[in-house]
Structures are given as structure tokens and as C-alpha cells.
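I opened the model to look up a few places in it. These are my notes, in the order in which I made them.

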Amino acid sequence: MLLNATDISRPLTPPTPIAKLQVQGITKSFRRSRKPLTVLDDVNLHLSKSEFVCIAGASGCGKSTLLNIIAGLLPPCEGQVLVDGEPVPGPGADRGMVFQSYTLYPWLTVANNVAFGLKLRRLPKAQMRERVGYFLNIVGLSAFASAYPKELSGGMKQRVAIARALINGPEVLLMDEPFGALDAQTKEKMQQFMLELWEKTRTSILMITHDLEEAIYLAQRVYVMSAHPGRIQQEIKIDLPPERELDLKLSPKFIQTKRELIESLRAVA
Ligand SMILES: Nc1ncnc2c1ncn2[C@@H]1O[C@H](COP(=O)(O)OP(=O)(O)OP(=O)(O)O)[C@@H](O)[C@H]1O
């Protein structure tokens, strides 16, 4: 279902009474050649509890900038980010982040990479071991606890990064093109893995992707961003069953949804 943005200064779908994540009026400018460049202009969106939402948009429209602001890694010029109705002043354990590039520490084992955030929180060792074991099991890497990142495939590295983000019990998992560097087959496996993970954990997930099929396959809603400046232009509700197998990608409804999304992206190009 395609919702047109008649007034982009307002959120397209009103958030549930208290959204898990709310982005209100975010504007961001950078200085380029001594002139201000507005990259994001009055961006509003929300993520409900246990929802999986994707953001799609042309390269350079400000998706990563937006996600970095939500993560608290960049300050906005205007606007605010709220988690459970509370404004967040900077980075926090309530928002876990997974980046496109592999960000594991090469000198640490898989288990120690996953445990890294917990070590900063000085949890007791036994509790730490138990939590690491639990999340390694969730991402299917129990057998690789003692391996080093160089011994892992790209998909396995991203599963470690996801476990590392989840172990801190974030309210929201933020993912910036996490499978962008993977080959098509591994990517499909990771998409299935993400759906299984989401079913198991019901974590609220906000994910950026260039891949329209990926967005439709994974998300319940897709925000389409326009560029120069970056704005939320449209919101597409993905009206597909919650249980999704790969064959769904060949169904008429999936193809129709993809067509809507392509047209939506063309309209904002
Ligand atoms: N620190 C910075 N200083 C100046 N300009 C920046 C900075 N960071 C991002 N930009 C500019 O902001 C715009 C948006 O960049 P951003 O990386 O957020 O886009 P994107 O939609 O994530 O792109 P892609 O899909 O290619 O990753 C680009 O024009 C980029 O050059």
C-alpha cells in the first residue's frame, strides 16, 4: 500500500502512542567548500515495538547520515531522536548498530568480539560467558567461539557483528546496509537468518538497504527517501504474510510491491 506524502513535515503514519523509536524534525547540514550543504531536511519517522522497517533511497540521499544521527554518532542541527518517548542525547546501549563494513576486532576471538560491549559494562565473568554463549547460539556460531575474524566468511562476520550488537539488549537494532558487501547467495541466506532472528527476538529493527527485494522481503514498512535534501518522501506498507520463505519473492504480490517501490524511487530520483 503506497502512502503519498502530502505534507512531508508530518509523519506519514502516526506513531503508536509511544513508539519504540521516534525521529522528529531532523535536519542536518555539512559545510562543503565553505557553503552549508543541507543533507537532511525535516525527517520524521517512527518504529513501533517489534517492528522491522527499512529505509531505501538513492545513493547520497542521506541514509547513513540519518542512521548515524539516530545512533547518536552525529549531532543533528535540528530535531530530536526519542527511544520509548525519551530524547536521547548521544550514543547509548539502547541502540545497537551494525555497519556494512566488517567492524570486528581482528585480534579478538569471535567470543571476545561478542563480549566486547559487556566487558565495558564490567559484568561478572560467569554471566558474561552465559550471555555470549546464548547469542552465539542465536546467530548459529557456537562452534566458532574460539575462531578469529580472518577465519570467517563475510556472512559469518556480519552474524558476529549482529550478536555483538544484540548482546547489550538494545531497544532498537540499527543496520546500515549490513549485507551490501555479500554475494547474492550469502545475502539471501542472511535475509532468511534475519527473519528467523527477528522472529526469535522480536527486536525492533531499522535497516538501510539499497536492495529493494531485501526491503520488501524483510520489512513491514519501507520509507523511501528523496535526495538533495534528504527527506522521507513516501512510506510503503508491505502487505505480505509475516512468515516469509524465499519463494515469496516469486509471488505476484511480491512482484507488484516491488513495482510500486521502483516507481516510488523513480518518482523521487
Ligand atoms: N562529514 C561529512 N561532511 C560533508 N559532507 C558529508 C559528510 N557526511 C556525509 N556527507 C554528504 O552527505 C550526503 C549524504 O551522505 P550519506 O552517506 O548519508 O548518503 P547515503 O544515502 O547513505 O549514501 P550511500 O547510499 O551511497 O551510502 C552526501 O552528499 C555526502 O557527501
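Before going on I wrote down the ground rules. Residues are numbered from 1 along each chain as its sequence is written. The model is predicted, so local features need pLDDT of at least 70 and side-chain atom pairs count only at pLDDT 80 or more, while totals for chains, interfaces and linings use all residues.

**Entry: around Pro149**

I found Pro149 in the loop between α3 (125-138) and α4 (154-166). Helices (H or I, at least four residues) and strands (E, at least two) are DSSP runs, numbered from the N terminus. I then looked up the contacts of Pro149, leaving aside its neighbours within four places in sequence, and got Leu104, Pro106 and Lys157. Two residues are in contact if their C-beta atoms, placed from the backbone, lie within 7 Å. Pro106 is 43 residues from Pro149 in sequence, but their C-alpha atoms are 5.6 Å apart in space.

**Entry: the two domains**

I noted domain 1 as 2-92 + 173-198 + 205-268 and domain 2 as 95-169. Such bounds come from an automatic or database domain assignment. The C-alpha centres of the two domains lie 25 Å apart. Domain 1 gives 20 residues to the contact and domain 2 gives 13 residues. On the side of domain 1 that touches domain 2, the elements giving two or more residues are α1 (63-71), β8 (172-176) and α5 (184-201).

**Entry: the ligand**

Which residues are around the ligand? I listed Phe30, Arg32, Val39, Gly57, Ser59, Gly60, Cys61, Gly62, Lys63, Ser64 and Thr65. A residue is near a molecule or strand if its C-beta atom, placed from the backbone, lies within 6 Å of it. At least two residues of this shell come from each of β2 (21-32) and α1. The largest share, 3 residues, is supplied by α1. By class I have 3 nonpolar, 6 polar and 2 charged residues in the shell.

**Entry: an open sheet**

I traced 4 strands in an open sheet, in the order β3-β2-β5-β6, with antiparallel pairing. Two strands pair if DSSP finds at least two bridges between them. The edge strands, β3 (35-47) and β6 (86-87), each pair on one side only. Between β2 and β5 (residues 78-83) I found 5 bridges in the antiparallel sense.

**Entry: strand β9**

Why do I call β9 (residues 204-208) largely enclosed by the rest of the structure? I checked its residues, and 5 of the 5 are buried, so the description holds. In a regular strand the side chains alternate between the two faces of the sheet. In β9, Ser204, Leu206 and Ile208 point one way and Ile205 and Met207 the other way. β4 (residues 52-57) runs parallel to β9, joined by 4 bridges, and Phe52 stands opposite Ile205. β8 also runs parallel to β9, with 5 bridges, and Asp176 has Ile208 as its bridge partner.

**Entry: backbone exceptions**

Most residues other than glycine have a negative phi, and most peptide bonds are trans. I looked up the exceptions. Arg34, in the loop between β2 and β3, has a positive phi near 65°. Arg34 has 5 C-beta neighbours inside 10 Å, so it counts as exposed. His228, in the loop between β10 (221-226) and β11 (231-237), has a positive phi of about 55°. With 13 other C-beta atoms within 10 Å, His228 is partly exposed. The peptide bond from His228 to Pro229 is cis, with omega near -5°.

Definitions and conventions:
Ala, Val, Leu, Ile, Met, Phe, Trp, Tyr, Cys and Pro count as nonpolar, Asp, Glu, Lys and Arg as charged, and the others, Gly among them, as polar. A residue is buried if 20 or more other C-beta atoms lie within 10 Å of its own, exposed if 12 or fewer, and partly exposed in between; C-beta atoms are placed from the backbone.
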